[in-house]
Amino acid sequence: MNPNLQFDFQIDKKTNTVHVKREFAADLNLTWDAWTKPEILDQWWAPKPYKAVTKSMDFKEGGTWLYYMESPEGHKHWCKNDYQTIHPKQSYRALDAFCDENGVTLDAMPRTLWTNTFTEQGSDKTMVSIVAKYDSLADLEKEIEMGFKEGFTMALGNLDEVLEKLTQA
């Protein structure tokens, strides 16, 4: 990660939330696309050495992103995001879940309500503020135990690399 870019990761156990503020060295349009277009999302969303593969994505209110993260051994971990609200190039809210390959939610796993807000920081930087909310403290703690902070931090670093390639293209 570029040490000159802002990164803040806070866990609030009183409200069952994770707050992340992350600055990216790319304009608002490209940063928004990187979070909302599967051909870019698949390049960075999964922490290495996993890879993300989109099965389907309908980025609209009421739409769903169905994807899996694949391990180097070929194990697939299916997930989905159900988009609730979208304000183009400003914010979106989505409820994610672990699921099967048909998008059927695995009830034993926590769900996360993501609210991602995008703010232009001049012509070449964008701040993304993320609030990940859980139904209970137990769900939040389960996500933390599964390595959420480490995995998400790694994925955001992957995004830095992808954005750098795309801005140089």
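Helices (H or I, at least four residues) and strands (E, at least two) are DSSP runs, numbered from the N terminus. The model is predicted, so local features need pLDDT of at least 70 and side-chain atom pairs count only at pLDDT 80 or more, while totals for chains, interfaces and linings use all residues. Residues are numbered from 1 along each chain as its sequence is written, and side-chain values use heavy atoms, with hydrogens and water left out.

**Exercise 1.** Determine which strands stand at the edges of the open sheet.

*Solution.* Begin with the order of the eight strands, which is 1-2-8-7-6-5-4-3 with antiparallel pairing, where two strands pair if DSSP finds at least two bridges between them. Strand 1 (7-12) and strand 3 (51-57) each have a single partner strand, so they stand at the edges, and one side of each is left without a neighbour in the sheet.

**Exercise 2.** Find the residue in strand 6 that stands opposite Asn-81.

*Solution.* Look at strand 5 (residues 76-87) and strand 6 (residues 91-98), which run antiparallel and are joined by eight bridges. In strand 6, the residue opposite Asn-81 is Asp-96.
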